[in-house]
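Please keep the sequence and the three-dimensional view at hand while reading.

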Amino acid sequence: DKGAMNILSADGVSRKPGVAVAYRVTAGSMTYVMKDGKPAGWNASGKGVFTMATGAAAALAGKTFTWTGYGTGPRSYILESKVD
């Protein structure tokens, strides 16, 4: 809708040796960044929940988080999350 979007759902898994964390995004929004009338990037934010966690991250299971993100170039981005 004119460069503004609602994120309906997303999920994923993050892993490193001995640790695995699964998460689900429960709410979010995203907007395009325009430059000279053309899309030049994006900004996004939302909320989520850690649905499963093992190893050193086991304490995250069931906790909620907020996140923000933005595009840094073609197929690259930065996402930051904060446990509530």
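## Strand pairing

Strand β1, which covers residues 4-6, is joined to β3 by three bridges, and the two run antiparallel; strands here are DSSP runs (E, at least two residues), helices are runs of H or I with at least four residues, and both are numbered from the N terminus. Two strands are said to pair if DSSP finds at least two bridges between them. The model is a predicted one, in which local features need pLDDT of at least 70 and side-chain atom pairs count only at pLDDT 80 or more, while totals for chains, interfaces and linings use all residues. Residues are numbered from 1 along each chain as its sequence is written, and side-chain values use heavy atoms, with hydrogens and water left out.

Strand β3 also pairs with β2 in the antiparallel sense, over seven bridges, and aspartate 11 stands opposite arginine 24 of β3. β3 and β4, again antiparallel, are joined by 15 bridges, and in β4 it is phenylalanine 50 that stands opposite tyrosine 23.

## Overall layout

The secondary structure comes to six strands and zero helices, so that the order of elements from the N terminus on reads β-β-β-β-β-β. Taken along the principal axes, the C-alpha atoms fill a box of roughly 50 × 25 × 15 Å.

Of the 84 residues, 20% count as buried, where buried means under 20% relative accessible area, exposed means over 50%, and partly exposed lies in between (1.4 Å probe, protein chains only). Among contacts between residues at least 6 apart in sequence, 32% join residues at least 24 apart, a contact being heavy atoms within 4.5 Å.

## Turns and positive phi angles

Most residues other than glycine have a negative phi. Aspartate 36, although it is not a glycine, has a positive phi of about 55 degrees; this residue sits in the turn of the hairpin that β3 and β4 form with two residues between them, and at 76% relative accessibility aspartate 36 counts as exposed. Arginine 75, in the loop between β5 and β6, likewise has a positive phi of about 55 degrees without being a glycine, and with a relative accessibility of 87% arginine 75 is exposed.

β2 and β3 form a hairpin as well, with two residues between them, and in its turn glycine 18 has a positive phi of about 85 degrees.

## Nonpolar core

In soluble globular proteins, nonpolar side chains tend to be buried together. In this model the largest nonpolar core has nine residues, namely Val19, Val21, Val25, Ala44, Phe50, Ala53, Ala57, Phe65 and Trp67; such a core is a set of buried Ala, Val, Leu, Ile, Met, Phe, Trp, Tyr and Cys residues joined through side-chain atoms within 4.5 Å. The elements that give two or more residues to this core are β3, β4 and β5. Leaving aside neighbours within four places in sequence, alanine 53 is in contact with Ala20, Val21, Ala58, Leu60 and Ala61.

Glycine 48, found in strand β4, is buried, with a relative accessible area of 3%. Residues up to four places away in sequence not being counted, glycine 48 touches Arg24, Val25, Thr26, Lys63, Thr64 and Phe65.

Glycine 71 lies in strand β5 and is partly exposed, with a relative accessible area of 26%. Apart from neighbours within four places in sequence, the contacts of glycine 71 are with Trp42, Ser76 and Tyr77.

## The largest pocket

The largest pocket holds about 400 Å³ of space. A pocket is an open set of points, on a 1 Å grid over the protein atoms alone, where a 1.4 Å probe fits, with protein on both sides within 12 Å along at least five of seven lines, and lining residues have an atom within 4 Å of a point; grid points are joined across faces, edges and corners, and the volume is the space filled by probe spheres set on the points. Of the 16 residues that line this pocket, Tyr23, Val25, Phe65, Trp67 and Leu79 are the closest to its centre.

The largest share of the lining, four residues, comes from β6. By residue type, the lining divides into 12 nonpolar, two polar and two charged residues, with Ala, Val, Leu, Ile, Met, Phe, Trp, Tyr, Cys and Pro counted as nonpolar, Asp, Glu, Lys and Arg as charged, and the others, Gly among them, as polar.
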